[in-house]
Amino acid sequence: MNASDWWVNSFGYALEAKDYTGQLIKKAAFDQKGSNYGWILEYILPLDKGGTKSSDNIWIVSNRAHNLRDGRVTYTIDNIMYQVQKDGKGGHAVYKKGNTKISFWEKEFGDATVAEDFTGREIHKGAYGQEGSRFGWDTDHIMPLSRGGTNAESNKQIVHIDTNDEKGDKTTFVSNDGCQYQVRKTSNTDEDYWANGYDYSDKKYCMVEIY
C-alpha cells in the first residue's frame, strides 16, 4: 500500500486525524518534515529490535512523535510513558504505562477483566491505552475540566477509547450508534437512569441516556 492507502485504511476519508499521542496530523502532510501536521509510516517494533516489515507492524505517527521516540521501545512523550509489548495476537503494540490507571480499574470494576463503559462498549482490563484495540479504554472526566470539572477520582470514569473521542469536552453528545448522553448531577438523578448501569454512587456527576 502507498501512504494514501494507509491513511484511508486507518482514518477513512477524513482529511485530518490524531496519532496515538494526540498529535494532530493532516492527510496532505505526508512526509512533510517541516510541517506541524506532518506524518510518516513507522515500524511499531523497530527492525533493529526484531520487528518485521509486515503490514501489522506498521502504523501512522506524527513526525513529532517519531522524532521524540527515536527508535526506542520504552520512551516518554509529553510526560506519558509508552512501551512496545506483545499484543497477544502474534504481533506488537504500543501501550501507555501507568499502574494508577489499573488501580482505578480495580476500584471501579473489582476483579473483573472485562466490563462495559456507560455506552455499553466492551472494554478489557489489559487493553488500557490501546488505540487500535476493539476493547481499549482510558479515563474520562465526567464533567469536563473546561466546564468546571475537577481532576478528582469522583469526577472520573472508565470509558472505551471511542467513547472518549466522541464525548470529548461536551456535556451532551451523540454516540456513533445514535444514542444521546448527558452529564447530570448524580444527587439529582435516580440510579435507575445511570447510563448502562455504570456505578456512579461515589461520583458527583453521572451520565444518563436521553431518549
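Predicted model: local features only at pLDDT ≥ 70, side-chain atom pairs only at ≥ 80, totals over all residues.
Residues are numbered from 1 along each chain as its sequence is written, and side-chain values use heavy atoms, with hydrogens and water left out.

Along its principal axes, the C-alpha trace spans about 55 × 35 × 30 Å. The chain contains 4 helices and 14 strands, where helices (H or I, at least four residues) and strands (E, at least two) are DSSP runs numbered from the N terminus.

Of the 211 residues, 41% are buried, a term that stands for under 20% relative accessible area, with exposed meaning over 50% and partly exposed in between (1.4 Å probe, protein chains only). The accessible surface of the chain comes to about 11,700 Å², and 46% of that surface belongs to carbon and sulfur atoms; these areas come from the Shrake-Rupley method with a 1.4 Å probe, and for residues only the protein chains shown count as cover. Among contacts (heavy atoms within 4.5 Å) between residues at least 6 apart in sequence, 42% join residues at least 24 apart.

Helix 1, which comprises residues 3-11, has Ala 3, Trp 6 and Trp 7 as buried residues. Seen down the helix axis, the buried residues fall within an arc of 100°, so they line one face of helix 1; the arc is that of the directions from the helix axis to the C-beta atoms. These buried residues pack against strand 1 (16-18), strand 2 (24-26), strand 3 (39-43) and strand 4 (58-62).

Asp 19 is situated in the loop between strand 1 and strand 2 and is buried, with a relative accessible area of 5%. When neighbours within four places in sequence are left aside, Asp 19 is in contact with Ile 25, Ile 60, Val 61, Ser 62 and Ala 65. Asp 111, by comparison, lies 92 residues from Asp 19 along the chain, and the C-alpha atoms of the two are separated by 31 Å.

Arg 147 occupies the loop between strand 10 (137-141) and strand 11 (156-160) and, at 47% relative accessibility, counts as partly exposed. Apart from neighbours within four places in sequence, Arg 147 is in contact with Asp 169, Lys 170 and Thr 171; the C-alpha atoms of Arg 147 and Lys 170 are 8.4 Å apart, although the two are 23 residues apart in sequence.

Asp 70 lies in the loop between helix 2 (63-69) and strand 5 (74-77) and is exposed, with a relative accessible area of 59%. Asn 196 belongs to the loop between strand 13 (180-185) and strand 14 (205-210) and is partly exposed, at 40% relative accessibility.
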